Structure formats: C-alpha cells, structure tokens
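Please keep the viewer open as you read.

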Amino acid sequence: MVPLPYRVSWRRPDLADTVTLALEPVDDAIARPTAGQFDMVWEPGVGEVPISVSGLPGNGAEGPLEHTIRAVGPVTTALCAKEVGDVVGLRGPFGHGWDLRRADGRDLLIVAGGLGLAPVRPVVTHALNDRDRFGRVVLLLGARDPESVLYADQLERWRGRFDVDVEVTVDTATPAWHGDVGMVTKLLDRAPVTPADTTAIVCGPEVMMRVLAGSLLDRGVPAGEIWLSLERNMRCAIGHCGHCQLGPLFVCKDGPVVPWTDARPLVVARER
C-alpha cells in the first residue's frame with residue numbers, strides 16, 4: 001500500500017493530450033507486472049490514479065515500466081507534465097492480466113478502441129517476440145480520427161512485418177486519410193482467423209466491447225475465449241473501497257481482465 005519512488009527515465013508525447021512515461025525504481029522495485037495489469041501512480045500532493053502498464057522489459061529483463069497517460073483530470077494532468085528525472089510513486093501491480101497461455105497454438109485476435117491500445121500493447125509485443133507460440137496474430141484498432149491513433153509509428157513497423165495483420169479504422173476521416181472509416185467491428189470480416197480456434201483480447205469503450213463480443217460470438221468465437229478489460233473508477237486497488245464494484249465483481253481485484261462469460265450479464269444490464 002506504500003508507493004515506491006520511481007524516476008522518469010524518458011517520456012514520449014504520443015498525442016496532443018497523451019504521454020508515455022518510462023519509470024525506473026529509485027531503490028526497491030514493485031513486482032514485475034504482467035500484460036493487462038495496472039499500477040497505481042502517485043503524484044505527491046495531488047493524488048494517485050490507476051494506469052495500465054503499456055510496456056514491459058522483454059524476456060524477463062530489467063528495464064523501465066511504461067505507462068501511457070491521458071490528461072483528463074488533476075492527477076493525470078500533473079503526471080503528463082513530468083519531465084525526465086522527476087520522481088513519482090508507484091504501487092502494484094494489481095488485478096488480473098491477460099492469460100496468454102490459453103492462446104498457445106491458437107489464432108490471437110487483439111481488438112482495441114482508442115486508448116485501449118495501451119493495455120494490449122504488451123500483448124502484441126509478447127506475441128511477436130514469441131511468434132511461434134501462436135497461429136495468426138491480428139490487431140484491429142479503432143480511433144476517433146487519424147490524429148487520435150495511438151503509437152502510429154509502431155503500428156507502421158508492425159505493419160511492415162509479414163507475421164502479423166494490422167488494420168486501423170477511424171470514426172471521422174480527414175482529407176489525408178486513405179484508410180477505413182467506421183466502427184472497428186467492420187474490420188472483423190477481413191480478420192484472417194479461424195473463429196473456433198481463436199482467442200480474442202478486447203479493450204476499449206464498454207459499448208464497443210459489448211458490440212464486438214456479440215459480433216465475435218456470431219462468427220463462432222467461443223464465449224470463453226473472448227476476454228475483455230473492464231474499466232471502472234478504481235481508488236484503493238484491493239477491493240476495499242467499493243468504487244469499482246460492478247455487480248458481484250470488484251474490477252480492481254477480480255478484473256480488469258475477465259472472460260465474456262462473466263462480463264456479459266453485467267455490461268448488458270441497463271442502469272437504473
């Protein structure tokens with residue numbers, strides 16, 4: 001529960017309001033997170049927020065933890081303003097991440113909406129670093145507009161490989177945009193996967209995940225092989241405060257990654 005000091009080793013502006021910070025321990029380090037888990041990042045005197053890990057050192061090596069942060073409130077705005085050498089507090093990791101062992105030998109379909117690409121980025125990196133473990137690897141990304149496409153340079157590098165399929169669509173195009181326009185679900189018909197042998201990893205706005213899960217089921221992807229990363233207002237990260245309760249689940253400790261079989265009755269229920 002006590003944050004450990006971490007120093008910003010580098011920062012990268014990703015979008016107009018979004019920054020990735022690479023954090024390295026000043027002294028002691030937190031346990032190594034897995035893809036899909038989150039850390040609580042603390043700005044002294046302001047507060048702390050849950051931030052998914054967007055980059056991990058490869059192959060168990062030591063190195064910085066990457067956190068991609070959008071400035072939407074006082075804490076995240078302060079974190080986005082941090083410079084190299086500044087110190088923040090880190091505690092974690094928390095929650096359940098993506099269990100990629102269940103995808104061994106299967107096609108891997110990764111679908112992200114907007115900033116949802118950040119939590120699944122380590123999944124893509126892991127899959128490409130250990131490519132022989134999986135069948136087809138497909139990444140589908142939806143964004144608000146071309147200026148909102150996260151990690152655009154890395155997406156182009158992934159596209160340049162011959163062992164991964166990357167497709168991007170936007171809600172609103174600009175004159176310079178020559179790609180797809182529309183919901184990310186429209187890209188499913190072009191995804192070269194075998195539905196019955198596919199594990200799907202989905203992260204993005206809740207309505208997008210709900211619609212996408214239905215489309216995957218219609219195409220024959222097993223319900224137990226559709227995994228979602230839920231998002232709720234997390235405060236304590238250990239299930240004590242109740243801020244992130246969703247039905248019987250506490251998203252901070254029971255999630256954020258849950259199978260569609262558990263998420264469906266919760267995300268389709270109408271709020272009262």
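Ala22 has its place in strand E2, residues 18-25; helices (H or I, at least four residues) and strands (E, at least two) are DSSP runs, numbered from the N terminus. This is a predicted model, in which local features need pLDDT of at least 70, side-chain atom pairs count only at pLDDT 80 or more, and totals for chains, interfaces and linings use all residues. Residues are numbered from 1 along each chain as its sequence is written, and side-chain values use heavy atoms, with hydrogens and water left out.

**Around Ala22**

- Ala22 has a relative accessible area of 0% and is therefore buried; buried means under 20% relative accessible area, exposed over 50%, and partly exposed in between (1.4 Å probe, protein chains only).
- Not counting residues up to four places away in sequence, Ala22 touches Arg7, Val8, Ser9, Trp10, Pro64, Leu65 and Glu66, where contact means heavy atoms within 4.5 Å.
- Tyr6 and Ala22 are 16 residues apart along the chain, and their C-alpha atoms are separated by 9.3 Å.

- H2 has 13 residues and reaches 18 Å from its first C-alpha to its last, close to the 18 Å expected at 1.5 Å a residue; the expected span is 1.5 Å times one less than the number of residues.
- Most of H2 is covered, with 10 of its 13 residues buried; among them are Leu117, Pro119, Arg121, Val124 and Leu128.
- H2 (residues 117-129) packs against H3 (residues 152-159) at an angle of about 30°, and their axes are 13 Å apart. Here, axes are lines fitted to C-alpha atoms, for helices over the stretch in contact, and angles run from 0 to 180 degrees between N-to-C directions.
- The two helices, H2 and H3, are therefore roughly parallel to each other; angles under 35 degrees count as roughly parallel, over 145 as roughly antiparallel, 65 to 115 as roughly perpendicular and the rest as oblique.
- H2 and H3 cross in a left-handed way, a term used if the near helix is turned anticlockwise from the far one by less than a right angle, with clockwise being right-handed.
- On the H2 side the contact is made by Leu117, Arg121, Val124, Thr125 and Leu128, and on the H3 side by Gln154, Leu155 and Trp158.
- Sorted by class, this contact has five nonpolar, two polar and one charged residues. Ala, Val, Leu, Ile, Met, Phe, Trp, Tyr, Cys and Pro count as nonpolar, Asp, Glu, Lys and Arg as charged, and the others, Gly among them, as polar.

- Phe134 is found in the loop between H2 and E8, and its relative accessible area of 7% makes it buried.
- The residues that Phe134 touches, leaving out those up to four places away in sequence, include Leu100, Asp104, Arg106, His126 and Ala127.
- Phe134 and Phe94 are 40 residues apart in sequence and 27 Å apart in space, C-alpha to C-alpha.

**Backbone points to check**

- Most residues other than glycine have a negative phi, and most peptide bonds are trans.
- Tyr151, in the loop between strand E8 (137-143) and H3, has a positive phi near 55° and counts as buried at 6% relative accessibility.
- Ala237 has a positive phi of about 75°; this residue lies in the loop between strand E12 (226-229) and strand E13 (245-246) and counts as buried at 3% relative accessibility.
- Gly92 and Pro93 are joined by a cis peptide bond with omega about -5°, and Pro93 lies in strand E6 (residues 87-94).
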